[in-house]
Amino acid sequence: MSDAKVALVTGASRGIGAAIARRLSEDHFVVGTATTADGAAVIDAALSGSGRGLVMRVDDDQSVDEALGALGADEQLPAILVNNAGVTADNLLMRMKSEEWNSVIETNLGGLFRVVKPCLRSMMRARWGRIVNISSVVARMGNPGQGNYVTSKAGIEGFTRSLALEVASRGITVNAVAPGFIATDMTSELTEGQVAQMLERVPVGTMGAPEDVAEAVAFLVSDGAGYITGETLSVNGGLHMH
Ligand SMILES: NC(=O)c1ccc[n+]([C@@H]2O[C@H](COP(=O)([O-])OP(=O)(O)OC[C@H]3O[C@@H](n4cnc5c(N)ncnc54)[C@H](OP(=O)(O)O)[C@@H]3O)[C@@H](O)[C@H]2O)c1
């Protein structure tokens, strides 16, 4: 832990974010966020001495201001930021309601803007930073019924490249990780038939585990990955190659 830094992981109460928080807490002090106080308490317990839970809704300006204000006051502004919080609200575009469109765009894409911006100043000052944004394989493949979600994830990958160019000279890397079909709450509503159908398209033949994504994130935030920036790393069992 000699080079331990503060790592902020959004949406760390369950699924992929929880696995990322656990993995990064092996080397760093991790602040994991949830949308509720109960969720933050779960993160506190899971990370025990190597991190803390915090309430933050990434779709809400005031909530982000309060959470980052608290971290600033505790001198815990992150050197490592993992933007993982994400939601779906699936519907065919013909049927999609404005609320379904807006909630997904505001959380997945707007959340990035809200959280990244106030974290950049301290990274710039330190001339070191790591930002990893969690995209999805569907950003490149498209997916019927997920126009809002796919738009948000494709936006995340474009954002990643643009920001990477803006901050590269300051020792800050910005990358994305694009998971494929990972076993979490987000995919738990699929029927057995849907899972079997999906797995037919995955060359390695299984769903991924949250830990598979966490390993990729741990690599990208390491010192050894300092020459990788603006990249999207796929963790999808071969479902899509580019
Ligand atoms: N699972 C997959 O197959 C898959 C594939 C590709 C990409 N991804 C991406 O990976 C990321 C994590 O997915 P997951 O499957 O682990 O999801 P999940 O199990 O549904 O967990 C979502 C996390 O996001 C948090 N969250 C939801 N709305 C939020 C908001 N408005 N503000 C802040 N946090 C919020 C949740 O907090 P609460 O617990 O407080 O609700 C929770 O911690 C997402 O960006 C997702 O798009 C997942």
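These legends walk through several close-up views of a predicted model.

**View 1. Strand 1 sits between two parallel partners, strand 2 and strand 4.**
Let's start with strand 1, which covers residues 6-9. Four bridges link strand 1 to strand 2 (residues 29-34) in the parallel sense, and Val6 faces Phe29 of strand 2 across this pairing. Strand 4 also runs parallel to strand 1, joined by three bridges. Here Ala7 is the residue opposite Ile80 of strand 4.

**View 2. The side chains of strand 1 point two ways.**
In a regular strand, side chains alternate between the two faces of the sheet. Val6 and Leu8 point one way, while Ala7 and Val9 point the other way. Which of these are buried or exposed? All four residues, Val6, Ala7, Leu8 and Val9, are buried.

**View 3. A right-handed β-α-β unit is built from strand 1, helix 1 and strand 2.**
Follow the chain from strand 1 through helix 1 (residues 15-24) and on to strand 2 to trace this unit. Helix 1 and both of these strands each supply at least two residues to the core shown in the next view.

**View 4. The largest nonpolar core has 28 residues.**
Nonpolar side chains tend to be buried together in soluble globular proteins. Ile20, Leu24, Val82, Val177 and Val217 touch the most other members of this core. Among the elements that each give at least two residues are helix 2, strand 4 and strand 5 (129-134). Helix 8 (210-220) gives the most, with six residues. Look closely at Val217: leaving aside residues up to four places away in sequence, Val217 touches Ile20, Val82, Val132, Ile134 and Val177. A second, separate core of 24 residues includes Val31, Leu81, Leu112 and Ala164.

**View 5. Lys5 meets the ring of Trp128.**

**View 6. Ser48 and Glu75 have positive phi values without being glycine.**
Ser48 has a phi of about 35° and lies in the loop between helix 2 (37-47) and strand 3 (51-55). For Glu75, phi is near 50°; its loop runs between helix 3 (61-73) and strand 4 (80-83). Are these two residues buried or exposed? Ser48 is exposed, with a relative accessible area of 54%, and Glu75 is exposed too, at 72% relative accessibility.

Conventions. Residues numbered from 1 in each chain as written. Predicted model: local features only at pLDDT ≥ 70, side-chain atom pairs only at ≥ 80, totals over all residues. Heavy atoms only, no water. Lys NZ or Arg CZ within 6 Å of the ring centre and 35° of its normal. Buried < 20%, exposed > 50% of the residue type's maximum accessible area, 1.4 Å probe, protein only. Pairing = 2+ DSSP bridges. Right-handed = clockwise from strand over helix to strand, strands pointing away. Core = buried A, V, L, I, M, F, W, Y, C linked by side-chain atoms within 4.5 Å. Contact = heavy atoms within 4.5 Å.
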